[in-house]
Amino acid sequence: MNNVLAHLDWSPFFITLKIGLFSTIICFFLGVGLAYVSLYMNKRIMAVFDSILTLPMVLPPTVVGFFLLLIFSRRRPVGMFLYGHFHIKIVQSFVGCVIAAFIIAFPLMYKNAKSAFLQLDKNLIYAGRTLGLSEFKIFFKIVCPIASPSLFSGAILSFARAIGEYGATSMLAGNISGKTSTISQQIAILVQNQNYLEAGIWVAVVLFIAFLIMLLMEYIQR
Amino acid sequence: MLELNVKKKLNNFTLEINCSLDSNRIGILGGSGAGKSMILKMIAGIEKPDSGYIKLDGKLLFDSQKNIDIKPQDRHIGYCFQNYALFPHLSVYENIIIGLDNKSKSLADEFLEKFGLTQIKDAKPNRISGGQAARVAMARILIRKPKVLLFDEAFSALDIYLRDHIQEEIASILKDFEGSAIFVSHSRDEIYRLCESMIVIERGRITNLGNTKEIFKNPETKNAAILTGCKNISDIRYIDENTLEALDWGVSFKFSETLPKGLSSVGIRAHDFHPVWGKSEGNIFDFRLKSKAKLPFEDNYYIKTGGGQDITWLVQREMKELIEKKGLPDFLKVDENDILLLK
């Protein structure tokens, strides 16, 4: 056991953490922004908009991965464009990991932000307007602070979802050691190779992180 | 000075208000869901009319034809919300200064003092009482020196004692306030007390418009009669040009003058009945007591009538003593001038 620990490659841990961090940051700003914008849409458009954005929550992650592959493959227009003009490679890369995790985790952030905004007493926004506050000030000084507990739980949940992502990531980014190999993918490979000891160590790490996250959620909801 | 000519489609009906009022203390009375708040929100610019124009104290705030729609931020209107809409995450002090530029923030201490809020200036809104919340709301509005004040059911959540005090404070604030003040309420007392003129609305339309005291004295419409507190209303049919039959009560009323055409009902306020012992004639009801409700300072008698609908008689203190002495009356009489003729 000590021997295994001494020689363990910790890169999946840092890769997973980095993916979680980057995708959560994108989720947070995009989720909060789009949720707020959607409040001003007319009801029918809003329903379609919401359905599209939260679709990844109910789709099998492999299906999401399939679509992402279709879009970003270097043999297709978008992938070709990104690689040709910016030299950005999505498939089989770290950026691919972040994109996959982001798409899968986004609905959690969006839904939390949206329900927080919908619960907000509309009169507070109206009061802000009649008191002369700009829409910008209303959003940052009134809406966001009041909604902040929900926004933070949304961010934590999407972080949790992002670091656990397996299906879409494995399809889009593959499992390249030291580059795209996340903890989830590592566990799958280890079990396939019947290396239960090392898989168990990773499982313990994941359990520990999950516990910390739930603890944080409890703390925020108090 | 309010000129309103607006149309807006709501869920159940279309709001269509067209009026012009010279007074600057205006009440809007209506039942729940009649569209009162919507009118106020359109004046404040929070809601947009589908078409029409809004002119207040000589300033055009909205005109769909001229494409004018001044932002609520620039209308200089103070809006007092039903639940006060204090920002829950900010302290009393922060709530009051949130709409001020840095220069005016020095006014805060003066306003905190004036509204008796100095002690609680650091408290969050959920830690203060309803009366204090009402004062914070007023301070937050008045510190910005608005040109117009709008009150949207502002004191309805307060208990009677507090409401009376806050209304008195508002009345004294209004003495020094030159702009228009508009009150939306379903409380007739509040409107009677604070407003010179009023409009009464029902399902998005005006049923009455004019001097407040006049409308209370002679409501003219069934809607206004109910909203001004008339407890007894009956449908009618004409017997001749001087006589009406109140269908719900099974009695006829004779009038000394020719009745106007087009009446649909009559109303009698609960305190306008006079007890008669012995014989009587004229506009009378047989006194057939159904039940009696004891209120703190008066009694409500419910009287059975020939038409199936009961009438309510409000018995005040002196009358109570009289009944204790003489027993229940034989008839209730109504003076013809106290019968409200309603369209």
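Analyst: A quick note first: the UniProt positions are given in the numbering used here, and the annotations may be inferred rather than shown by experiment. Also, this is a predicted model.

User: Which residues of chain A does the UniProt annotation "transmembrane region" cover?

Analyst: The record, an unreviewed entry, lists several spans in chain A.

User: How far apart are the end C-alpha atoms of residues 199–220 of chain A?

Analyst: That span of chain A is 100% helix and 0% strand. For residues 20–40 of chain A, the chain is 90% helix, with end C-alpha atoms 30 Å apart. For residues 199–220 of chain A, the separation is 32 Å.

User: What is the helix content of chain A over residues 13–218?

Analyst: UniProt (unreviewed entry) places "domain: ABC transmembrane type-1" on that stretch of chain A. Its end C-alpha atoms are 24 Å apart, and strand makes up 0%. Helix accounts for 81%.

User: Are helix 8 and helix 11 of chain A roughly parallel or roughly antiparallel?

Analyst: Helix 8 (residues 135–163) and helix 11 (residues 196–221) of chain A pack with their axes 10 Å apart, at an angle of about 170 degrees. Angles over 145 degrees count as roughly antiparallel. So helix 8 of chain A is, relative to helix 11 of chain A, roughly antiparallel.

User: How many nonpolar residues are in the contact of helix 8 of chain A with helix 11 of chain A?

Analyst: From helix 8 of chain A, the contact includes A:Phe152 and A:Ile156, and from helix 11 of chain A it includes A:Ile213 and A:Leu216. Two of the contact's residues are polar and none is charged. The nonpolar count is 11.

User: Is B:Ile215 buried or exposed?

Analyst: B:Ile215 sits in helix 7 (residues 212–217) of chain B. Beyond its neighbours within four places in sequence, B:Ile215 contacts B:Met198, B:Val200, B:Asn208, B:Gly210, B:Ala224 and B:Thr228. The cut-off is 20 or more other C-beta atoms within 10 Å. B:Ile215 has 26 of them, so it counts as buried.

User: How many residues of chain A are in contact with chain B?

Analyst: Chain B brings 16 residues to this contact. On that side of chain B, 10 are nonpolar, four polar and two charged. The number from chain A is 14.

User: What is the mean pLDDT of chain B?

Analyst: For the model, the scores are ipTM 0.83 and pTM 0.82. In chain B, 100% of the residues reach a pLDDT of 70 or more. The chain B mean is 90.

Notes:
Residues numbered from 1 in each chain as written. Chains lettered and ligands numbered in written order. Predicted model: local features only at pLDDT ≥ 70, side-chain atom pairs only at ≥ 80, totals over all residues. Helix = DSSP H or I, 4+ residues; strand = E, 2+ residues; numbered from the N terminus. Buried ≥ 20, exposed ≤ 12 C-beta atoms within 10 Å, placed from the backbone. Contact = placed C-beta atoms within 7 Å. Nonpolar A, V, L, I, M, F, W, Y, C, P; charged D, E, K, R; others polar. pLDDT = per-residue confidence, 0-100. Axes fitted to C-alpha atoms, helices over the stretch in contact; angles between N-to-C directions. Parallel < 35°, antiparallel > 145°, perpendicular 65-115°, else oblique.
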